[in-house]
Amino acid sequence: MAQQPNNKKKQASKDASRAVATTSKRTAPTKAQRRSTSSLLTWGAIALVVVVVAVLVIVKISGGSSTSGGGGGSSSPAPASIVRDVTTIPATVFDTVGITSPSVPVSKPTQIKGQPALTFTDPAGGAKPGVLYVGAEYCPYCAAQRWSVVAALSRFGTFANLGITQSSAKDVFPNTQTLSFYKATFTSPYLVFQGVEQSSNVSDPTTGYKKLQALTKAQAALINKYDTAKFLQGASPGSIPFLDIGNQFLSAGSSYSPSILSGLSRSDIASNLSDPTNPATQAIVATANYLSASICATTKQQPSAVCGSKGVTAAAKAMGL
Amino acid sequence: MVTQAPRWVVATTGILALAGLGISTYLTIAHFVGTQALACSDNGAINCAKVTTSPESVILGIPVAILGLAFYLAAVPLFSPWAWRSRDRRVHIVRLVAIGTGMLFVLWLIAAELLIIGAICLWCTGVHIVTFALFAITITAVPKMLDGSGGRPAEGA
C-alpha cells in the first residue's frame, strides 16, 4: 500500500513518456510534410508562371489584344500650304544643306549595276525612266521617307492630289506626320513615278491594317527581285519603304531616323523646309539631294538646273557618280 | 543550418546570370545607339524596335533596358559560386526575393508586349527565358538549402 504513491508516480511518468513519444511520432511526419509543402510551393510557383504566360499568349491569339493602329484614320487631301512648302523648297536651301545633316545621319541610296533599266509608260505612251515607291501609311519609316521623295520628285515634275496622313500610333515612332501617295498623281517630262501605299493606318483584325492599293504584277516582280538582301545589304525581303530608281538605285527603309520628326506637326515640318539650319529640314533635304542625284543619273542629267545644282552635285560626288 | 547547393545549380545559374548580363548590356547599348543596332526583324509580330521604343519601354522615367542591366549587374554576384557557398542565410533569401521580383517584372513585360504593344522583341524574350530559368532553379534549390535538406553543409557552417 505504501508503494502505491510511487507506483502512481511511475505510471504518471510512463504516461508522460508515452505522451512525449506520441508527440515525437507526430513531429517526424510534420517535418516531411513541411518538405512536401515546400516542394509543392516551389513547383506551384513555377507552374503559375507558365500558366500566366500561357494565358497571355492565348488572350493574344484569341484577339483580345489591343491591335488598333490608331493614327486617326487614313489619308485626306493635303492642304495647299503644305503642298506648296514641300514642293517648292528654294534652290538655295537644297544647295546650302547639300548632304549635311549634323543632327541625324542620312544614308545614300544603293547603286546597283548590270540590271535592265526600269522604264514606265507615260500617259502619252512613251517610255520614260521609272521611279517606284512602295510603302504604307501606318509605316513610320515611310512617313519620314515620303517628305524627301516628294521634295526630290517635285524638282522633276508636279504632284497632284497628295494626301496627308500619319504613321500608326501603335508602331515605333508613333504618329509621325507625313504625306500620302494614295490617289496622288505625278506628271513629269523626264520620268514616270509610281507610288503605292499598300495599307492605311487603320487597324484591321485580319490583315493588321486596312489594305489600300495592291501591287501590279510588274511592281511585285521588282519588289521580289530587288527588295532583298542580295541587292540591299541587311534588308529583309519586302521591306518598306522601298524605292527603285530606274533599277540603278535602290533603298529600303528610311534614309534618316523618323525620330527627327517626333512631336512635329505637318505644318511645322513643311514650313521649316525654307530654313536650311532646321535639323528636320537638313535630314529631309540631304536625303532629297541624294535621291535627286540618283534620278539625274537615270534622266541623263536632266533638267540641268537641278542636276547641275550645288546640292545635287555634292550628293553625286558623295555617291561616287 | 544552410546546406550547399548542388554543383549543377551553381554552374548553371552562374552561366545564366552572365548570359542575362550580356543580353541586357546589348539592349542597353541599342537603347542609346539606336534601334538600328538591334539585330532583329522590324516587321510583323517580331519587332524589336517597336518594343524597345514603345511607351512601355520606360518605367518612371527609367528605360527598361537599364533596369534589366541593373538587375543582372546585381544578379551576377548573387549567382556567383561564392554567394552560393555563403553560410549567411540572408544572401540566399535576398537571391530568392530578387529573382521572384525579377520574374514578376518579366511577366508584366510579357503582358505589355503581347497585349499593349502587340509585338515581341526577340532579345527581350532571351532575357525573359534566362530570368525564368534562374527563377525555376533558384526556388527549387534555395528553400532546400535553407531548411538544411539541400546536401552538404555550406562552407564554414
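This is a predicted model: local features need pLDDT of at least 70, side-chain atom pairs count only at pLDDT 80 or more; totals for chains, interfaces and linings use all residues.
The side chain of A:D85 meets that of A:R84 in a salt bridge, with an N to O distance of 3.7 Å. A search over all chains of the structure finds 4 salt bridges.

Another of these pairs joins A:K128 to A:D122, with the closest N and O atoms 2.6 Å apart. Both A:K128 and A:D122 are buried. A further salt bridge is formed by the side chains of A:E197 and A:R146, at 2.7 Å from N to O. A:E197 counts as buried because its relative accessibility is 0%. A:R146 is likewise classed as buried, with a relative accessible area of 0%.

A:Y133 is placed in strand β4 (residues 127–135) of chain A. Is A:Y133 buried or exposed? The residue is buried, since its relative accessible area is 0%.

When residues up to four places away in sequence are left aside, A:Y133 touches both A:R146 and A:E197, the residues that pair in the salt bridge of 2.7 Å. The contacts of A:Y133 also include the run A:F193, A:Q194, A:G195 and A:V196, together with A:C142, A:V149 and A:F181. A:P241, A:F242 and A:L243 are touched as well. Between A:Y133 and A:Q145 the C-alpha to C-alpha distance is 9.9 Å, for a separation of 12 residues in sequence.

## Helix α9 and its cover

Helix α9 of chain A spans residues 310–318, and its buried residues are A:G311, A:V312, A:A315 and A:A316. Why do these residues lie on the same side of α9(A)? They cover an arc of only 135° around the axis, and are therefore placed on the same side of the helix. As a general point, an α-helix has 3.6 residues a turn, so residues three or four places apart point the same way.

The other side of α9(A) carries the exposed residues A:K310 and A:K317. The cover over the buried residues of α9(A) includes elements of chain A, namely α3 (91–97), α7 (279–298) and α8 (304–307). Just after α9(A), A:G320 adopts a positive phi of about 75°.

## Backbone geometry in the loops

Most residues other than glycine have a negative phi, and most peptide bonds are trans. Against that background, the peptide bond from A:I240 to A:P241 is cis, with omega near 0°. A:P241 is located in the loop between α5 (217–226) and β12 (242–245) of chain A, and is one of the residues touched by A:Y133. The bond from A:Q302 to A:P303 is also cis, with omega near -5°. A:P303 is found in the loop between α7 and α8 of chain A, helices that are among the elements covering the buried residues of α9(A).

Positive phi values also occur in residues other than glycine. A:N161 has phi near 60° and lies in the loop that connects β5 (158–160) and β6 (163–166) of chain A. A:N161 is classed as exposed because its relative accessibility is 56%, the exposed class being over 50%. A:N175, also not a glycine, has a positive phi of about 55°. Its position is in the loop between β6 and β7 (177–180) of chain A, and at 33% relative accessibility A:N175 counts as partly exposed.

## Interface of chains A and B

The size of an interface is often given as the accessible area lost when the parts come together. Here, chain A and chain B bury about 1900 Å² between them, with 68% of that area on carbon and sulfur atoms. Helix α1 (residues 4–61) of chain A gives the most to the side of chain A that touches chain B, contributing 13 residues. That side of chain A comprises 12 nonpolar, 6 polar and 4 charged residues.

In terms of contacts, 22 residues of chain A meet 23 residues of chain B. How many salt bridges are counted between chain A and chain B? The count is 0. The rule for polar contacts finds 1 residue pair across this interface, both residues being at pLDDT 80 or more.

Definitions and conventions:
Residues are numbered from 1 along each chain as its sequence is written. Chains are lettered from A and ligands numbered from 1 in the order in which they are written. Side-chain values use heavy atoms; hydrogens and water are left out. Buried means under 20% relative accessible area, exposed over 50%, partly exposed in between (1.4 Å probe, protein chains only). Helices (H or I, at least four residues) and strands (E, at least two) are DSSP runs, numbered from the N terminus. The arc is that of the directions from the helix axis to the C-beta atoms. Contact means heavy atoms within 4.5 Å. Buried area is the accessible area (1.4 Å probe) that two parts lose on being put together, summed over both. A polar contact is a pair of N or O atoms within 3.5 Å; within protein, one must be able to donate a hydrogen and the other to accept it, and residues adjacent in sequence count only if both atoms are side-chain atoms. Ala, Val, Leu, Ile, Met, Phe, Trp, Tyr, Cys and Pro count as nonpolar, Asp, Glu, Lys and Arg as charged, and the others, Gly among them, as polar.
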